[in-house]
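Look at the model, then work through them in order.

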Amino acid sequence: MSSDPPRTTNTPGGVVHTYQRYDPVRFPPPTAPPGSAVDSAFDHMLTYGSMRGFTEQQLAEAIHLDPSQIKGLGPSLESLIAKLEERKRRILETYETKRVLASAGRAVAEAGAGLHPPERLQRAFDRAIREEQLHDLERLWSRVRDPNSPFGVGLLHLAERMGEKYEIEALASKYDFTGRKRLSIDEAIEVKETLESIDRLLEQLREAMKTAQLAIIDLDALSEYVEGQDVDDLRGLQQQVEEIMRDLAERQGLERGKEGFRLTPKAFKMFQNHLLSTIFADLEAGRRGRHDGPIVGEGAVEMPQTRPYEFGDSVVHMDIPQSVTNMLIREGGAMSGQLRPDDIEIHDTRNTPKCATAVIIDMSGSMRYGGQYIHAKRMALGLHGLIRSEYPGDFLQVIEMATFAKAQRITDVPALMPKPVTIYDPVVRLRADMSDPEISESDVPPHFTNIQHALLIARRVLAAQDTPNRQIVLITDGLPTAHFEEEQLYLLYPPHQRTEEATMREAHACGRDSITINLFLVPSWSQTQEDVQFAHRLAESTKGRVIFTGGDDLDRFVVWDYVAQRRRIIG
């Protein structure tokens, strides 16, 4: 694992730097946080790439109902708790454990006394008996050459007796018995199981009182200790609560179909809003506010404020009524006067240029380590939510990058997953002619990193956008290992100079098209100084920047950086 990269000052022109402190713009959460069902479902989707494994139990754990919503709808949870506690009290007041503890000790001694281990196992056997370590007995049994020998069978019997002794010791230490009735070893173990079952039910009932999550209550176990009618009533209440949860989930955009849960566009929007709310919730209190601040100058949007005419101002934004009024005041009300430059009032304007961004997400095999792919997807969703809600005039395209790069719809981003590694050779030197009709993408190892192809697609996408403000946000963890030369695809690992040169040529092409590359380098177990140096050269070729970040910080760093850079563009 390489050491953290050196921290340097924030100097423009592609110099590598690190965020040392957050420097957010003034921006409050855009919406109140939505319900947690959507968050839990999206977390599952981002992690596994589908909703197939999302269960009713996870939904129940995700939604927190107000206990007052179910109060009076079924049997009192307090009464069930009281019945269980009474059952537990009667057991503790009935039995004592001192004599059964002594019996369990004698049973262990008797089981060990008749055993005669082979000479090579004698020392280990004596130590296991002396220290009464069940784990040592199990290891000793694994060394017995003939498990069916008298010693092998006797060793199993001894381990069983010692296990029983452990359980009775746990019973005596955990519960305070005050009765006088004697227990046999089997009865003591049964009492232990009963008390532990009651404790689990008490914990479930108390938790249900706080969260209204009745699904966590084991009704089959509860039926052994309370009347059947109470259990039936509670089961009916559970069904009512499940209907409430399904209704809440559906209102949040989480639908249940034959194949499991499905995330609707409504859920997608709610998750994005909550993601932005989480990102901006970390802002310093003194910096919160809503607006970036108007930029005065030529623009398309007129503001209510006016100012005197200055040479070079366009008369398109002249405030005609105020200008005529100024003339009348100067002429004493005479309509025959002429309008002079000092009569003219000009509307201030706000300049709101459109920005175009291509986000390249590395989905090569190495992004699986540390769950970096999850944070990259959250970042893309958060950035899209920001643009959709705050900068609807901006353009965003997400590009998935592995051996091949592909433009993806934002709705497909949650399902993206790192490509499986199919080659484990320490050195790979492969070439594929992708113009050959006999070769398809499925025939090529998918897990390599083709930054050159991703930059090419991003450049073509951004070239079609009618704005001078174009940038590429590249999320990756290291050097490229694949590139195209015409129709020839090269897969070269360890990273090769030929791939770096091809990638740099594409980066220079982006620079010639006035496209800035800002590279977010996430940590990786295999990251070296060469990765850092290449990232430096790649960003510097377009006067972009390299930012080191990863994990939960990735989404907020990218979103904040986008807003900060947009402010500089507008200014």
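Q: Which residues do ring pairs link into a cluster?
A: This is a predicted model. Ring pairs build one cluster, and its members are Phe 42, Phe 268 and Phe 271.

Q: Are the rings of Phe 42 and Phe 271 stacked or tilted?
A: The ring centres of Phe 42 and Phe 271 lie 4.3 Å apart. Their planes meet at 5°. Planes under 30 degrees apart count as stacked, so the pair of Phe 42 and Phe 271 is stacked.

Q: How many residues apart are Phe 42 and Phe 271?
A: Both Phe 42 and Phe 271 are buried. Phe 42 sits in helix H1 and Phe 271 in helix H11. The pair links distant parts of the chain, and the separation is 229 residues.

Q: At what angle are the ring planes of Phe 404 and Phe 484?
A: The centres of these two rings, Phe 404 and Phe 484, are 6.2 Å apart. The pair counts as tilted because of its plane angle. That angle is 50°.

Q: Is Phe 404 buried or exposed?
A: Phe 404 lies in the loop between E7 and strand E8. Its relative accessible area is 11%. Buried means under 20%, so Phe 404 is buried.

Q: Which ring does the charged end of Arg 498 sit over?
A: Arg 498 is partly exposed, at a relative accessible area of 36%. Its charged end is 4.3 Å from the centre of a ring. That ring belongs to Tyr 490.

Q: Which residue meets Glu 485 in a salt bridge?
A: Glu 485 is partly exposed, with a relative accessible area of 22%. The N to O distance in the bridge is 2.7 Å. Glu 485 lies in strand E11 and its partner in helix H15, so the bridge ties together parts 13 residues apart in sequence. The partner is Arg 498.

Q: Which residues do salt bridges that share partners join into one network?
A: Arg 90 forms a salt bridge with Glu 86, with the closest N and O atoms 3.6 Å apart. Glu 93 forms one with Arg 89, at 2.7 Å. Shared partners join the residues into one network: Glu 86, Arg 89, Arg 90 and Glu 93.

Q: What separates Arg 90 and Glu 86 in helix H3?
A: Arg 90 is partly exposed at 43%, and Glu 86 is partly exposed at 28%. The two are four residues apart in helix H3. Their separation is therefore about one helical turn.

Q: How many of the eight residues of strand E6 are buried?
A: Cys 355, Thr 357, Val 359 and Ile 361 point one way from E6, and all are buried. Ala 356, Ala 358, Ile 360 and Asp 362 point the other way and are also buried. Strand E6 is therefore largely enclosed by the rest of the structure; the count is eight of the eight.

Q: Which residue in E10 is the bridge partner of Val 359?
A: Seven bridges join E6 to strand E10, and the strands run parallel. In E10, the partner of Val 359 is Val 473.

Q: Which residue in E7 does Val 359 stand opposite?
A: Strands E6 and E7 run parallel, joined by seven bridges. Opposite Val 359 stands Val 398.

Q: What is the relative accessible area of Cys 510?
A: Cys 510 is found in helix H15. It touches residues including Leu 455, Ile 472 and Thr 542. Cys 510 is buried, and its relative accessible area is 0%.

How values were computed
Residues numbered from 1 in each chain as written. Predicted model: local features only at pLDDT ≥ 70, side-chain atom pairs only at ≥ 80, totals over all residues. Heavy atoms only, no water. Buried < 20%, exposed > 50% of the residue type's maximum accessible area, 1.4 Å probe, protein only. Contact = heavy atoms within 4.5 Å. Pairing = 2+ DSSP bridges. Phe/Tyr/Trp six-rings, centres within 6.5 Å; stacked < 30°, edge-to-face > 60°. Lys NZ or Arg CZ within 6 Å of the ring centre and 35° of its normal. Salt bridge = Lys/Arg side-chain N within 4 Å of Asp/Glu carboxyl O. Lists of a residue's contacts leave out its neighbours within four places in sequence.
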